[in-house]
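Dear colleague,

I am handing over the structure we spoke about, and I would be grateful if you could look through it alongside the notes that follow.

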Amino acid sequence: MSIAEMANAAAGLAQFSPAPSLLEIGDSFWLSAVLKIAVVLAVFFVVPLVVGYMEHKVMGHQQARLGPMEAGPHGSLQLVADGIKFIQKEDLIPSAADKWVFAIAPGVAMVPAILIFLVLPLGPGIWGVDFELGLFYALAVGSVTTLGILMGGWASANKFSLIGGLRAAAQLIAYELPLILAGIAVALQAGTLSLVGIVEAQSTFFIPGTEINLWYLFPQILGFGIFFIAAMAELARPPFDMPIADSELVFGYMTEYTGIKYAMYMLTEYAGMVSMSALMVVLYLGGWQLLPGVPMPGCGGSGNIFDCNALGVGLGVAVTLGKIMLLTFLMVWARTTYPRLREDQLQRFSWLVLVPLSLLNLAIIAVAKGVF
Amino acid sequence: MSDMSTRETVMPGTAPGEDLLIEVTGDGDFQTADMQLSIGPAHPATHGVFRIILEMDGERVVDAHPVIGYMHRGFEKLAEHRDYRQIMALVNRHDWLSGFSNEMGVALAVERMLEMEVPERAQWIRMLIAEWNRILNHLMFTGSFALELGAITPMFYAFREREDIQHMLESATGGRLHFTYNQVGGLKIDLPKGFLRRSAELSAITRARLQDYKDLVLGSDIFQARTVGIGPLSTDVALSYGVSGPTLQATGIPEDSRVTEPYLKYGEIDVPVPVGENGDSFDRFYCLLHRIEASLDVIDQIHDHMPSGPVNVKLPKQVKAPEGATYVRTENPLGQLGYWLESDGGRTPWRLKMRTPSFSNVAVMPHLLRGTLVPDAISVLGSVFFVVGDIDR
């Protein structure tokens, strides 16, 4: 008996049984693993590109210009062209740099960004693993990325990089707390840390006396706001881009990076936008459910969103991706709208505003959970 | 060895009036090694080849040393070997964002020495183009200052406006940046047909769009948090350094050569001069933005006054300023521009000394930067508006 099982038994809770993934091929462990890795990598490499293209175009039109127009129809292959360019570039390592650390830092930043996708449910049955500690895993693994950033900043032997790396570390510590506290409130309401379980809990969280379920966005709108802001800060997206701050620190921790290593950092940032958005979709927006209270086409039962045929699965994935696009669009919108905060203002905002608010949110949810 | 008693010392805090009280053990001050950070000559925040060396304690600037001269092009010496027609094409290059205003200053100086009567229409057109040039310049700094604070969009908006204005000015002068439209005694050619109508149209459009900048930049909470109280400049210090333009007006002094010492026909119209209160980054930007509006007011008045008639006088084959010297000062977009023109009666100046606003404004920088954080240093650097070519000449 594992420790978790013993704890569950002591608390009188039911045994956690992972929801089966559709990506299992029969009983073959290896075939299933290959398929899952292929799906995770495909999502990791393709969705951030789509988000990046969306950002190009949205920023272009919000700024009275067109954005990329030449590579592919309406510039849709611009990022592919950029990727090819990055591969061709000379791989420069500054002579004063700590060469090994400098070389592996982008990888240290990127690998956790891939690993998060393992637990994110993108549709009915479309997930790698249904961990019992899924939310904990996602938040914990996501934080490792900052280690890669700090390593890159330190190893570059460049003052701008160093300041950028240290700012990133300080920012992570400050914003991890509200992020986790907001996440805890969701886990508390759902009664599980499993991401699939949280989606399921939202599909069965009914307005009393009706058949209409509620996403956690509605009871936890405060938590959603905190999570969204903290996620943007975790990702160092503007207006929280102090670690990069191109007008102050040239390009922060990425100043000395070129070519494919630089591309890895950029991919990490955009994959981070996607994974954080996917996490918010799962925690607050009901996962792949189309609309609260509306039965999913292709899924059995009125409120059931798990027992789906091919149509239901396809629609579920499309809905998830659509919601991810919506959230990343909001992040891009914030980028074109706001100036950058100052480092100390950012810290103050986290510790004096977001942390107390997220504690308040947690208290409200805990009391409500106890009362109802 | 030193006594190891503890005592208290005050470190400057993050905002005025929020100083930190720190207990220090041992002798000396807070024992940390200062870091030297060289910003520039090629750095995104210096828009040009300006360099500033910051002595830093953590992110706090202990001292700042501007290093100028990376763009020295020897304009003053070059001018001694160019005749007055050629000088027009030379002086619109030292402050490349105020080309027309620069050449106008030299033309005024030569005309004053020749005691030449410049046709009325030429004077009004000069004012019109100079005000549009001022708006072009200020739009550029509106965009670049917001960009330095991390807001990327105003830059594109500013360039949209600039494009329209430059297109209009190109129709009259043939140039977009270096107009070379002045000549001694007036202007090269008259305005093209429809110019004044287009100018009135653009004035209305620009005025309407200016509201967006006020709402989105000046009214933004984050913008105010980044600029209010940052790098305050007192009146005394500003005057002792010879600071001028929006940077001086931000300290509360309504100094503007167009008002205090009118040249051309500025005496006949009403020139609004915006002033600030605290001389901080916010006030500097406030003055800049409202100077655009003031220029639009002036432009609207010029449209009502525009007379008809010739725009230049017949010149001899070779213009020669008589022996003597004169000093002309004009209110350039960035501040007070002075030309000291000394002639020995030859076809070239004997000496052309330039008093450029950017040079004096940058000189006050170390005073403003001491004690700020790096992001605040950028906020100060961006709000003391300067053009590198105008510093180095």
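**Domains of chain B**

The C-alpha centres of domain 1 and domain 2 of chain B lie 46 Å apart, and please bear in mind that this, like everything below, is read from a predicted model. In the domain assignment of chain B, domain 1 covers residues 1-31, while domain 2 covers residues 75-392.

**A sheet in chain B**

Chain B has an open sheet of three strands, arranged in the order E8-E9-E10 with antiparallel pairing. Its edges are formed by strand E8 (324-332) and strand E10 (351-355) of chain B, each of which pairs on one side only; on average, and with direction ignored, neighbouring strands of this sheet are turned by 15 degrees against each other. Between strand E9 (residues 335-343) and E10 of chain B, which run antiparallel, there are five bridges, and Tyr339(B) stands opposite Met354(B), a residue of E10(B). Helix H3 (residues 99-114) of chain B packs on this sheet, where it touches E8 and E9 of chain B, and the direction of helix H3 makes about 145 degrees with that of E8(B).

**Contact between the chains**

The contact between the two chains draws on 23 residues from chain A and 27 residues from chain B. On the side of chain A that touches chain B, the elements giving two or more residues are helix H6 (159-190), helix H9 (246-249) and helix H12 (343-371) of chain A. By residue class, that side of chain A is made up of nine nonpolar, five polar and nine charged residues.

With kind regards

Definitions and conventions. Residues numbered from 1 in each chain as written. Chains lettered and ligands numbered in written order. Predicted model: local features only at pLDDT ≥ 70, side-chain atom pairs only at ≥ 80, totals over all residues. Domains from an automatic or database assignment. Contact = placed C-beta atoms within 7 Å. Helix = DSSP H or I, 4+ residues; strand = E, 2+ residues; numbered from the N terminus. Nonpolar A, V, L, I, M, F, W, Y, C, P; charged D, E, K, R; others polar. Pairing = 2+ DSSP bridges. Axes fitted to C-alpha atoms, helices over the stretch in contact; angles between N-to-C directions.
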